[in-house]
Amino acid sequence: MKIILSALTFFLVLTSYSQNKNFSQELFENYNTYQEKTINKRRIKHHEIQPLINSLKSENGFEVNILGKSIEGRTISMISIGSGKTNILLWSQMHGDEPTATMAILDIFNYLKTNKEILQNVKLHFIPMLNPDGAEKFNRRNAIGIDINRDAQRLQSPESKILKAARDSLNADFGFNLHDQSKYYNAEQTENPATISFLAPAYNYEKSINNVRGNAMKIIVEMNAVIQQYAPGQVGRYSDDFEPRAFGDNIQKWGTSTILVESGGYKNDAEKQFIRKLNYIALLKAIQTISKSTYKNIKVSDYEKIPKNDRKLFDLKITNVTFTYLGVNYKVDLGINNIEKDNKEHTDFYYIGRINDIGDLSTYYGYKTLDAKDLTFKIGETYPKIISNSIDLEDMNFEEIIQKGYTSIGLGSIPENIKYTNYPINIINIKNIAISKNNAPKSPLQFGKNPTFLLTKNNQVIFAIINGFIYDIKNGKNYIKNGIVK
Ligand SMILES: [Zn+2]
């Protein structure tokens, strides 16, 4: 009997494994069919997603309800689909600059237009872009500067009231709290970015695990297994310190099994389009496992096996940089980040490099790493000839200019609103060259300043670091996204 039973269990585990694999693999392979192609950049606005939401009113099985308005009067809608007994509430972008899951939800709508099998026992309720005023300015907070995720108890913001009322009216069984996190998070003690991080928030200071929270943990185990297939080792688990003001913690407390999903970074995915796809797959997989109740067989203890989140990544880590100051040599590692700066309309961005750390960074990692062991650090010069017109820049050979030791060019006239250049060099307004006279001694490496310098060997430039990006002169490779204008 025992043998038959274990054979049966083995068979069941095997079928469920292959079913899981098939479902997520299918989602991965057919993603292109359902991806919402009109949205392909992170800085999405309320007016861009409204037509997509409105068009769902005429789709079979979809209900669209306006729940209320943001402080600045933008509508906040809930889209419901399905007729099962288990209510699942999913809300995204309560932080205006965290839009990855909003994009994934739009893809999920497209999927659900023609695929309704996973709705068998569930009813889904989506609130995409809970903070449309924040999204307008690509800002975390809402229009009156409140962090909605610290307003779950006081409920001063209309956006917070809307979320609370939706949860209460549905008495949702499951809740998905969808956010973005810094791209500098990594899976603890690895160089892998935490592309997705999870948390089943605690509902008290003791961090107790009841059924409600336990079920959230089980769903996370299932979602983690899916992400591991496409981004191996790139999942983190958030600290479960109780935050009495946060929505996730409170919604867990109010009896809805709450799953926090945080979209982090992925190499060469600045617009987070691959991460959006991972959200799409993992969320649909979670819905399926709830619909089929398969999560019930998962062990809560497997949740603890997911590596913890850490924050030990830089965009660029350069090791063993030797430089000289006041006649003494120092050897340091550099942690360099490319900080996003929005354009005026908050529709696009450029980068400003920053030296974020100097010293022994052996416990840190980089999306890119460069060993400067046999190289000599050198500050670049400003090109001796001032260029009067930006059109003249077009004909310049920047590789040659950098090779000669120059990292910036003086330009005669620069319009006020020009903040960056797509050329692989920094541009200096000649008006500012005259101002920067200061005779006090200063280390050539400054914490917090723009990382622009040369790494040479036998007086030949091997690498130029321009605004935190690498120009690999020897191999003719230019990784510079933009230079800065100062
Ligand atoms: Zn957030």
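The legends below describe close-up views of a predicted model.

**View 1. Helices α4 and α9 at their crossing.** Helix α4 spans residues 100-114 and helix α9 spans residues 273-291; their axes come within 8 Å and cross at roughly 55°. An angle of this size makes α4 oblique to α9. The crossing in which α4 passes α9 is right-handed. On the α4 side, the contact is made by Thr100, Ala101, Met103, Ala104, Asp107, Ile108 and Tyr111, which meet Ile275, Arg276, Asn279, Tyr280, Leu283 and Leu284 of α9. By residue class, this contact divides into nine nonpolar, two polar and two charged residues.

**View 2. Burial along helix α4.** Helix α4 is mostly covered, with 11 of its 15 residues buried. The buried residues include Thr100, Ala101, Met103, Ala104, Asp107 and Ile108, and these residues also meet α9. Thr102, Ile105, Leu106, Phe109 and Leu112 of α4 are likewise buried. An α-helix has 3.6 residues a turn, so residues three or four places apart point the same way.

**View 3. Strand β3 and its partner β4.** Six of the seven residues of strand β3 (residues 86-92) are buried, so this strand is largely enclosed by the rest of the structure. Strand β3 pairs with strand β4 (residues 122-127) in the parallel sense, over six bridges. Within this pairing, tryptophan 91 has isoleucine 127 of β4 as its bridge partner.

**View 4. The open sheet β13-β12-β11-β14.** Four strands form an open sheet in the order β13-β12-β11-β14, and their pairing is mixed. The edges are β13 (349-359) and β14 (365-371), each of which pairs on one side only. On average, neighbouring strands of this sheet are turned by 30° against each other, direction ignored.

**View 5. The open sheet β16-β17-β19.** Three strands in the order β16-β17-β19 make up an open sheet with parallel pairing. Its edge strands, β16 (381-382) and β19 (426-429), each pair on one side only. Strand β17 (residues 406-411) is paired with β19 in the parallel sense over four bridges. Isoleucine 409 stands opposite isoleucine 427, a residue of β19.

**View 6. The hairpin of strands β21 and β22.** Strand β21 (residues 460-466) runs antiparallel to β22, and four bridges join the two. The bridge partner of phenylalanine 463 is aspartate 472 in β22. Two residues lie between the strands of this hairpin, and asparagine 467 in the turn has a positive phi of about 55°.

View 7. Aspartate 472, the bridge partner of phenylalanine 463, stands opposite lysine 477 in β23. Four residues separate β22 and β23 in their hairpin, and the turn contains glycine 476, whose phi is positive at about 60°.

Key: Residues are numbered from 1 along each chain as its sequence is written. This is a predicted model: local features need pLDDT of at least 70, side-chain atom pairs count only at pLDDT 80 or more; totals for chains, interfaces and linings use all residues. Axes are lines fitted to C-alpha atoms, for helices over the stretch in contact, and angles run from 0 to 180 degrees between N-to-C directions. Angles under 35 degrees count as roughly parallel, over 145 as roughly antiparallel, 65 to 115 as roughly perpendicular and the rest as oblique. A crossing is left-handed if the near helix is turned anticlockwise from the far one by less than a right angle, and right-handed if clockwise. Two residues are in contact if their C-beta atoms, placed from the backbone, lie within 7 Å. Ala, Val, Leu, Ile, Met, Phe, Trp, Tyr, Cys and Pro count as nonpolar, Asp, Glu, Lys and Arg as charged, and the others, Gly among them, as polar. Two strands pair if DSSP finds at least two bridges between them. A residue is buried if 20 or more other C-beta atoms lie within 10 Å of its own, exposed if 12 or fewer, and partly exposed in between; C-beta atoms are placed from the backbone.
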